[in-house]
Amino acid sequence: MKVMKDPRDRNGSILCVAEKPSIAKSVAQLLSNNNCRAVNTESKYIKNYCFDSTWFGQPCQVVMTCVVGHLMELDFPTEYRSWNGTPIPRLFDAPVNKLVKKEHAGIENNLRKEARYARTLVIWTDCDREGENIGAEVVDVCIKANPSLQIKRARFSVIQRREIQQAWNSPVELDMRQSYAVDARSELDLRIGAVFTRFQTLTLKAEFADKLGENAIISYGSCQFPTLGFVVERFRRVQQFVPEDFWKLEMTVTKDGEAVNFEWERDRLFDKHLTLVLYENCMDNPMATVVYKETKPKSKWAPLPLTTVELQKAGSRCLRMSADRIMTVAEKLYNKGIISYPRTETDVFADNFHLHPLIQAQVNDRRWGSYAQNLLNGAFVRPRKGRSDDQAHPPIHPVKEAADLSPEEDRVYDYITRRFLACCSAAAKGEETVVRAIVGGERFTAKGLNITERNYLEVFTFDTWSGHTIPHFQRGERMMPSRLEMNTGHTTGPNLLTEADLIGLMEKSGIGTDATIHEHIKKIIDREYVNKDGPGNRYFCPTVLGMALIEAYDEMALDLSLAKPYLRSQMETNMKGIADGGKTKHEVIQESVDMYREAFSMVVGRYLNGNFDTAGPGREIRYNNEPSNDYNELPPLPGDDDSPPPPGPARRRGTSTTAARGRSTRGRGAARGSSTAPGASSSSSGTRGTSASRGARGGGSRASRGSGASATRGRDPPGRAGQGRKTENGKPKCECDLFATVKVVRKQNENEGREFYTCAKAGKQCRFFAWVDEWSG
């Protein structure tokens, strides 16, 4: 491809703008039949591809260029960027500006220059909400240079000649409602993140000034904190789990030289003496009698078409790749035109979607070529239909045969292709035999499985289905067990969360979208709120800082918890409302700001009542002596417990980022924690296993809010401990000379719900304690 200088001889051209350079180049080559010329621009990463074509039957000149993701960013005006000069609550209502990023000035200049010569602008960004918003940013820049531009939008899912040509011939309008939804989310993330990030950082800095760097930040995100909350909640369950002994009966029958294990239908009992009585009844009459036998068909369904969330789960479970990494690799495959667009919620192939050409493209691959040919020869089955269709993109599938891939790209392509061929296949089939026998009045069951047709399992090696046969039994047959025993065991606790588990919880709770879930997980790792632990570093474990932050918010017992998924889930629902036309951008922003403003007011009122003049929702909360620099007078967030915790490991320094300015940009800001949470070992394998407890069994006593690290949490405080002093406003100060915080007894006893004063320090606390209703100073 020859590189030339801009000929500047165009008049009334069609300006096309893609989201990234690789897409611009690929689309230009497909539309021009590889007959386009590349023109250099101010940016070394951006080229303009020029070629002749036809637009609605009329000859035209086309210029295909691109951006590199979001062209603009939201930020507060300069006067609101000073942490010491701006009262934090004002950020809920401060004006925001959406401006072109400084580093993208060259791209902006290129768009303006080309727009002056164009009569039509065609947006070729990715067909999702973010792509629609990036397209709107491009329109904003180009319209300023040429207000008469006609705006069109090309919709496509794969970089394939047929679909690209169809998108060129059938442009649509830009969906501004999708763009408004992204703008609303960005503004809310900016406001909420700035408020709580500044709050957390400034309060923690008072206690850990010698450990946190001057520019370090303890970042808050409305998606990241609920995600961290899931990790902490599971960690608590693992730490608080108390094993419980159980007893069960086990029986083995040997027939035709084969030993068959029968399962007790009661499974297990937690009463040893009752189990012993039942066992003795069986031993008094040990002859087993077959009372039921049935053989029936059994199927294992082929998988549904592949969505983004399922691909991310597969990265963790099957490929041992993080969700963030598998999405990065999938994006590369998409840019090369090898797979379809990898960000989709759809698990349904439309009835008119042509699947056979995609299968035909795989017949020459040595790994599954013969299987693909067998599908074309008559074994093809229309894929099952899931429940989700985003009406934007089809499920993820291979577009063509791939060669010269990196090892990681090949692993991801292998999974996607096998999954696609599997969903076009018949279910695996077999026969299940169920035999039920009675011994001494107790029922025992044995099952056998004979797989007759493997079908999709032949190609989708990530699924397993094991067959095991049992001898022939007849109803009424009597036999003497070769083994009949009473054995004991104990319940095992839950596992820590794997990445696949965490993704599932986030999807179920509406935290993030299919395209952003992996980013939120990566952020809590990068900010060192969590570590990966255990075999293969597969299990999430909170760090000391991550644990302390979640417990601090949990201890506040807010109606609108900042560490729980409700607030963010409601926000995501509202975003869909904007995209669907049911709500306006202004309505959603105002509703969410009001909810978080109320939550912030509760936080301040609960823990900073010594240094804040607090008010209910709707009234401004101000720091004393604002806007002075005396933030070191603010007491820190409370510690991990209602009683003094042992000193934790020192937190590592954070790094200064643009998040200190409150800028709304993905991935910015980095909080630093250290080591794993208290009570966690370097390997937690001893606590892992399938939860076998029944109801409340095996879980120990009902845990109070927060971690189980303190043996005194929730106990009846033994009267006043330590010596506090009364202040002018009647509020006590503890021995640390800090205003005491108010907490509530949560344990079920005569003091449940009663408020008491205790030390507010996040580190080693003094022993001050007093009942609120008895405090007199």
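Select Arg367. This residue is partly exposed, with a relative accessible area of 28%. (Buried means under 20% relative accessible area, exposed over 50%, and partly exposed in between, using a 1.4 Å probe and protein chains only.) The model is predicted: local features need pLDDT of at least 70, side-chain atom pairs count only at pLDDT 80 or more, and totals for chains, interfaces and linings use all residues. Residues are numbered from 1 along each chain as its sequence is written, and side-chain values use heavy atoms, with hydrogens and water left out.

Arg367 and Asp365 form a salt bridge, with their closest N and O atoms 3.1 Å apart. (A salt bridge is a side-chain nitrogen of Lys or Arg within 4 Å of a carboxyl oxygen of Asp or Glu.) Asp365 counts as buried, at 7% relative accessibility.

How many salt bridges does the structure hold? It holds 38. Two more stops follow.

Pick Glu132 and Arg155. Their salt bridge has its closest N and O atoms 2.9 Å apart. Glu132 sits in helix 3 (residues 129-145), and Arg155 in the loop between strand 9 (150-153) and helix 4 (161-169), so the pair ties together parts 23 residues apart in sequence. Arg155 is partly exposed, at 34%.

Next, show Glu250 and Arg483. Their side chains meet in a salt bridge of 3.1 Å, N to O. Glu250 lies in strand 10 (residues 245-255) and Arg483 in strand 16 (residues 483-490), so this pair ties together parts 233 residues apart in sequence. Glu250 is partly exposed at 24%, and Arg483 is partly exposed at 26%.

Last stop: select helix 8 (residues 308-317) and helix 13 (residues 499-509). Their axes come within 8 Å and cross at roughly 160 degrees. (Axes are lines fitted to C-alpha atoms, for helices over the stretch in contact, and angles run from 0 to 180 degrees between N-to-C directions.) The two helices are therefore roughly antiparallel, a term for angles over 145 degrees. Color the contact residues, meaning those with heavy atoms within 4.5 Å. On helix 8 they are Val309, Gln312, Lys313, Ser316 and Arg317. On helix 13 they are Glu499, Ala500, Asp501, Ile503, Gly504 and Glu507.

Methods
Helix = DSSP H or I, 4+ residues; strand = E, 2+ residues; numbered from the N terminus. Parallel < 35°, antiparallel > 145°, perpendicular 65-115°, else oblique.
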